[in-house]
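Student: I am new to this structure. Can you walk me through it?

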Amino acid sequence: MSLPQQGASKQRTKKPKATRSVSFSLPALPFPLASFLHPLRSASSQWLVLPVLLMVSILFRWAVGLGSYSGMAAPPMHGDFEAQRHWMEITTNLPTKEWYWHDLEWWGLDYPPLTAYHSRLLGVIGGMINPDWFALFDSRGSDDVALKTFMRATALASELLTYVPAVVIFVRVFGRQADLSKYDKGVALAAILMQPTLMIIDHGHFQYNSVMLGFALLAVDCFITDHIYWGSFFFVLSLSFKQMALYYAPAIFAYLLGLCVHPNINVPRLVLLGATVIVTFSLVFAPLAVFGGREQVAQCLFRVFPFARGLWEDKVANFWCATNILVKFRERFDSGMLQKASLVTTSVAILPPCLILFFNPQKRLLPLGLAACAWGFFMFSFQVHEKSVLLPLVPTTLVLAGSLDKNTVSWVSWMNNVAMFSMWPLLRRDGLQLQYTVLTLLYAWLMGTFEHLPKHWFGKLVHVGSYIAILVTHLAEAFFFKGPLREYPDLWVVANVEISFGCFTVAWMWVLWRLWKESRKGRKKPKRE
Amino acid sequence: MDKFHPSLRECIIAATAFKLLLFPAYKSTDFEVHRNWLAITHSLPVKEWYYEKTSEWTLDYPPFFAAFEWVLSHVAQFFDPAMLDVRNLEYDSVQTVYFQRLSVMFTELLLVYALQKFINTSPESSKRSAHAVALSILLSPGFLIIDHIHFQYNGFLYGILILSITLARSPSARLYSGFLFAALLCFKHIYLYLAPAYFVFLLRAYCLGDSIFQIRFANVIKLGAGIIGIVAAAFGPFVYWGQTPQLLSRLFPFSRGLCHAYWAPNIWAIYSFIDRVLIIVAPRLGLPVNQEALTSVTRGLVGDTTFAVLPEITPRKTFLLTLFFQILSLIKLWTNPTYETFLGAVTLCGYASFLFGWHVHEKAILLVVVPFSLLALKDRRYLGAFRPLAVAGHVSLFPLLFTAPEFLIKTVYTIAWLVVFLTAFDALVSPVAVNTRRFLLDRFTMLFIIIAIPLIAYTSLFHKALFGDRYEFLPLMFNSSYSAVGVVGSWVGFCWLFFSS
């Protein structure tokens with residue numbers, strides 16, 4: 001296997017100046033995404049990479065947005081689109097003290113305050129364009145086409161202001177630390193921005209995950225540029241936008257704690273970090289307490305952590321749901337017992353990455369550490385949604401900014417393909433079949449899924465096996481949907497969950513193994529800086 | 001592995017993915033037009049094709065296109081037979097949309113084939129430029145806006161045109177170039193505008209020898225018989241049934257006005273603009289103002305345009321002007337019948353008919369952009385003339401899509417295309433000595449491109465905020481006048497290059 005970028009990086013470490021001109025004449029990496037960036041590799045057209053990638057990202061996101069969204073024309077409850085719209089309705093029309101209390105049966109607000117402020121801002125802007133969109137009570141379940149366009153625009157703008165700059169900075173800094181050539185950095189950036197899962201959930205299904213992920217990623221950007229206090233600030237913002245960012249919290253905590261004890265114990269740093277977190281949280285919750293009264297904070301926290309709900313809602317490819325065909329957890333155990341079991345198993349699952357990060361608080365381990373920790377949560381924690389797979393998936397994809405060898409590309413693209421597949425039941429319900437098919441195939445093709453497999457025989461086996469299983473499931477569903485298997489409509493969902501669970505387990509193990517190997521690598525070699 | 005990256009194949013895959021995502025996008029009445037034609041050709045005997053008028057969108061393309069719809073309709077019945085019912089007006093089930101949109105993408109593969117042929121037949125030294133040009137045509141915002149959103153079948157028609165132009169490159173294949181063009185005319189008669197260049201070129205370079213008195217009779221007979229055969233195959237049955245007058249009245253509806261709905265960016269757009277300005281200035285200059293015209297031009301939408309101050313324009317005048325400018329380029333082609341002069345003459349015929357023609361559609365700009373693209377990388381001066389056309393030609397298509405969700409698609413796609421290809425062309429084109437570069441044109445181009453930004457912002461955002469629904473004609477008028485300046489500017493530049501070289 002010839003790896004041009006590795007060759008380049010080897011040469012670069014020897015004589016950095018000469019390689020610059022050499023890297024331009026490199027052949028394109030053997031996958032189509034790299035081929036598209038090939039014309040832009042010369043020094044005179046390097047400046048084009050970022051604007052062109054941004055424009056292409058915008059175009060694809062917007063084109064996905066032309067399609068349906070969750071709950072479109074689906075009374076009585078509609079879906080996540082209505083939830084987001086409804087929050088704009090209540091935050092613009094009601095006093096702060098009613099935000100977390102108002103008619104909780106109809107998509108009551110159950111996200112932290114930053115989402116509430118974000119909704120209010122967007123609601124105010126939208127109300128200036130058309131007040132009917134967010135009229136109290138009257139606007140419920142609105143399917144206005146102009147409203148859809150407005151909401152799509154807000155999702156795009158929110159992503160462009162948070163997630164996209166965070167990714168751009170990340171690739172720049174992380175790629176530099178990993179000695180990637182400019183061309184490879186462009187390819188990595190394209191691969192991350194064109195990731196189909198986030199695109200279809202935020203701009204198809206409709207949510208603002210990119211804001212939460214963007215803040216979390218900005219935190220990582222700060223950590224890898226040694227701004228640990230700013231990093232904690234941004235991570236708190238991420239948590240206060242969507243509680244799901246908690247999937248990353250143990251890993252980040254372990255990393256920061258590790259920084260406070262390595263190479264020697266640094267108490268002021270620990271105190272300052274704690275203070276940053278507390279002050280940021282206070283700032284975020286302050287408006288809620290000031291305008292709504294102190295009990296709002298308690299109600300907000302009560303709404304945000306839904307322990308009253310079950311182990312899972314829809315079918316999701318995690319441990320509990322996948323093994324449910326063997327053990328009927330929800331029937332055999334009570335909710336409290338299951339909560340404890342989930343807490344224990346999650347803690348065990350996230351322990352290895354946290355320990356690795358604590359003992360090796362190295363920047364280059366951050367993406368893998370976050371991914372491993374989030375996979376642990378996804379597999380074992382309480383109330384997991386199929387969309388939550390974005391949390392482990394995004395940092396896993398970020399690994400591309402560190403190495404673009406065929407093996408990594410193959411694994412990362414495989415995980416994205418499987419993750420797309422795991423969301424198929426949700427996307428089908430949303431009426432996004434076309435977008436699902438196009439984005440999955442496009443990304444798989446762009447990343448060379450059809451051409452390259454991992455080096456190891458086990459990887460080859462898993463990839464080929466899972467692709468065949470996915471294909472068979474889709475074909476069987478398409479052709480037997482109305483046939484003899486009509487009486488078992490859940491069959492496809494169960495098959496989906498089992499296949500995805502198997503793949504996610506392998507993905508999780510791969511991330512853990514990779515994290516372990518990376519953490520050992522640093523020990524043998526002396527530090528590069 | 002392909003020689004140049006990204007390859008044509010890679011681009012068509014990525015573009016196809018994007019176009020598939022555009023399935024739910026806005027579609028114009030042309031969608032219903034083509035659905036209706038599918039229904040007509042599928043359910044009625046051939047004799048009635050040009051008489052059927054249940055829908056207002058009657059069949060007004062030549063017989064080959066009708067036959068093409070007939071072929072498509074045989075596939076369409078497997079998607080949704082209901083779309084093939086003539087009385088099913090405005091029918092657009094999901095299957096119908098999928099089928100029609102897919103048919104555009106599928107037939108566009110002919111364009112890909114033609115472009116591949118164009119690259120293959122280019123001399124080795126200019127293969128890289130040819131590749132860039134081919135990609136620019138394949139990914140052109142023109143085809144994206146007109147074919148894949150607005151809805152038409154230009155992709156495969158321009159594929160035939162490019163194939164025909166490519167064949168004209170080698171002397172041995174010129175016969176087939178002529179045949180293909182004749183067939184193209186039987187698909188869509190708008191290409192008649194380019195016919196004079198073909199006529200002169202084939203006559204001079206294929207039918208006559210080195211001296212004009214040396215007639216190659218064998219060639220004359222081959223070409224003549226072939227073309228007559230093709231045209232007879234298309235029109236013969238209808239002539240035989242005595243439907244000629246009906247067919248002609250459908251193909252050439254002369255009752256339409258000078259300017260089409262949105263004012264194509266041509267001389268008449270500038271003419272109307274000056275007329276509007278004169279309405280304000282005329283009383284001070286003591287010029288007579290036609291009061292009737294005051295209301296008509298301001299609408300600026302469909303219908304007849306009457307001028308308030310400037311003299312009226314008749315179809316006859318536009319025809320003579322078009323012919324005059326076409327003949328100028330044909331004289332040059334007659335004296336110098338090479339492939340490149342031919343390509344230049346085709347471009348100039350397109351320019352003349354677009355700039356001076358009667359009832360020109362903004363979509364017809366592709367008649368200029370596509371042939372010019374093939375020449376744009378000849379040297380830096382050609383590229384200089386191409387730039388304003390690339391900007392103006394595509395900006396002028398924006399009013400075709402007026403719905404909010406498509407705004408981002410059309411603007412961002414066009415800007416991305418312009419940025420990528422104009423810089424790529426700039427890097428590829430062979431430099432020219434400084435003194436032969438015309439700085440005036442370069443400066444003009446720069447200024448022109450910069451003005452596009454506030455213009456697009458005004459027409460699509462600020463106008464609505466400032467005036468609401470009033471003065472609807474203003475953004476359209478600004479848009480077409482601006483684009484007209486660009487098209488005319490590039491035409492002047494191109495004429496100079498063509499006649500001075």
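Student: Is A:Met423 buried or exposed?

Tutor: This is a predicted model, where local features need pLDDT of at least 70, side-chain atom pairs count only at pLDDT 80 or more, and totals for chains, interfaces and linings use all residues. Residues are numbered from 1 along each chain as its sequence is written, with chains lettered from A and ligands numbered from 1 in the order in which they are written. A residue is buried if 20 or more other C-beta atoms, placed from the backbone, lie within 10 Å of its own, exposed if 12 or fewer, and partly exposed in between. A:Met423 has 28 such atoms within 10 Å, so A:Met423 is buried.

Student: Leaving aside neighbours within four places in sequence, which residues is A:Met423 in contact with?

Tutor: A:Met423 sits in the loop between helix 21 (406-422) and helix 22 (424-430) of chain A. Helices are DSSP runs (H or I, at least four residues), numbered from the N terminus. Contact means C-beta atoms, placed from the backbone, within 7 Å. With those neighbours left aside, the partners are A:Thr197, A:Glu386 and A:Lys387.

Student: Which helix of chain A gives the largest share of the side that touches chain B?

Tutor: In chain A, 28 residues are in contact with 25 residues of chain B. Helix 3 (32-37), helix 4 (49-65), helix 7 (145-161) and helix 23 (433-446) of chain A each supply at least two residues of that side. The largest share, 10 residues, comes from helix 4 of chain A.

Notes:
Contact = placed C-beta atoms within 7 Å.
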